Amino acid sequence: MRINEKLIIVGLLACMVGIQGQAKELRSAEKIYEKKCAMCHTVGKPKNKVEKKKMVAPPIDVAMKGVVITIDAVDGPFKDDELREESIAFLKDYFYEPTEDKTNCEDMVVKKFGRMPSLKGFVSPEELEKVVPWVYDTFKPIKNSKGEY
């Protein structure tokens with residue numbers, strides 16, 4: 001094998017290791033969500049009355065829509081990267097300190113489900129750092145061409 005071929009192979013192997021590391025990190029955020037968030041927050045609307053009756057929190061996409069729209073409307077408007085940063089900072093704070101004044105759910109949602117309990121002691125700071133950006137990126141609402149959610 002010539003030196004150029006060896007360099008190409010070494011470069012490809014390095015890329016594969018990097019990609020596997022990124023995939024592992026994504027899976028770990030996803031696994032944190034599945035293990036510590038999905039027990040309360042389903043994805044999407046319930047499929048039937050039985051699922052609806054079992055709900056203990058709003059679906060994650062509905063909760064994220066409320067968070068992002070409120071932050072953008074009250075403190076913004078923000079550019080996409082600013083909105084991401086503001087939303088992630090809010091969520092990290094709220095997950096450990098979910099006080100009434102920070103709650104931005106509609107009254108009917110709070111009446112039905114109550115306020116979210118603190119996750120302090122249940123979700124570690126390291127897990128929070130991994131899962132919150134993933135939750136934002138995965139479930140944030142998308143604006144249409146008119147800038148509406």
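Mentor: A helix is a DSSP run of H or I with at least four residues, a strand is a run of E with at least two, and both are numbered from the N terminus. Take one case: Ser87 is found in helix H4. This is a predicted model, in which local features need pLDDT of at least 70, side-chain atom pairs count only at pLDDT 80 or more, and totals for chains, interfaces and linings use all residues. Residues are numbered from 1 along each chain as its sequence is written, and side-chain values use heavy atoms, with hydrogens and water left out.

Trainee: How many helices and how many strands does the secondary structure of the chain come to?

Mentor: Six helices and zero strands. Along the sequence the pattern reads α-α-α-α-α-α.

Trainee: What percentage of the residues of the chain count as buried?

Mentor: Start with the cut-offs. Buried means under 20% relative accessible area, exposed means over 50%, and partly exposed lies in between (1.4 Å probe, protein chains only). Of the 149 residues here, 28% count as buried. Ser87 is one case, buried with a relative accessible area of 0%.

Trainee: Which residues is Ser87 in contact with, leaving aside its neighbours within four places in sequence?

Mentor: Contact means heavy atoms within 4.5 Å. With those neighbours set aside, Ser87 touches Val68, Ile71 and Tyr136. Now take the whole chain. Among contacts between residues at least 6 apart in sequence, 55% join residues at least 24 apart.

Trainee: How do I read a helix pair? At what angle do the axes of H3 and H4 cross?

Mentor: Two packed helices are described by the angle between their axes and the distance between the axes. The axes are lines fitted to C-alpha atoms, for helices over the stretch in contact, and angles run from 0 to 180 degrees between N-to-C directions. Helix H3 (residues 60-75) and helix H4 (residues 80-96) have axes that come within 10 Å and cross at roughly 120°. On the H3 side the contact is made by Met64, Val67, Val68, Ile71 and Asp72, and on the H4 side by Leu83, Glu86, Ser87, Phe90 and Leu91. By class, the contact of H3 with H4 has seven nonpolar, one polar and two charged residues. Nonpolar covers Ala, Val, Leu, Ile, Met, Phe, Trp, Tyr, Cys and Pro, charged covers Asp, Glu, Lys and Arg, and polar takes the others, Gly among them.

Trainee: Is the crossing of H3 and H4 left-handed or right-handed?

Mentor: Right-handed. A crossing is left-handed if the near helix is turned anticlockwise from the far one by less than a right angle, and right-handed if clockwise.

Trainee: Where do H3 and H6 meet?

Mentor: Geometry comes before residues. H3 and H6 pack at about 95°, with axes 10 Å apart. That makes H3 roughly perpendicular to H6. Ile60, Asp61, Met64 and Val68 in H3 meet Val135, Tyr136 and Phe139 in H6. The class count for H3 with H6 is six nonpolar, no polar and one charged.

Trainee: At what angle do the axes of H4 and H6 cross?

Mentor: The angle is roughly 135°, and the axes of H4 and H6 come within 10 Å. H4 and H6 are therefore oblique to each other. Their crossing is right-handed. The H4 side includes Ser87, Leu91 and Phe95, and the H6 side includes Leu128, Val132 and Tyr136. The contact of H4 with H6 has 10 nonpolar, one polar and five charged residues.

Trainee: How many salt bridges does a search of the whole structure find?

Mentor: Side chains of opposite charge can pair when their charged atoms come close. The criterion is a side-chain nitrogen of Lys or Arg within 4 Å of a carboxyl oxygen of Asp or Glu. The search finds six salt bridges. One of them pairs Glu127 with Lys36 at 2.9 Å, N to O. Glu127 lies in helix H6 (residues 125-139) and Lys36 in helix H1 (residues 3-36), so the pair ties together parts that are 91 residues apart in sequence. Lys36 is buried, with a relative accessible area of 17%.

Trainee: Which residue forms a salt bridge with Glu97?

Mentor: Lys120, with the closest N and O atoms 2.7 Å apart. Glu97 sits in the loop between H4 and helix H5 (107-113), Lys120 in the loop between H5 and H6, 23 residues apart. Glu97 is partly exposed at 35%. Another salt bridge joins Asp93 and Lys102, 2.7 Å from N to O. Asp93 counts as partly exposed at 36%, and Lys102 is partly exposed at 21%.

Trainee: Is Glu106 buried or exposed?

Mentor: Exposed, at 54% relative accessibility. Glu106 is found in the loop between H4 and H5. Glu106 and Gly66 are 40 residues apart in sequence and 8.0 Å apart in space, C-alpha to C-alpha.

Methods. Angles under 35 degrees count as roughly parallel, over 145 as roughly antiparallel, 65 to 115 as roughly perpendicular and the rest as oblique.
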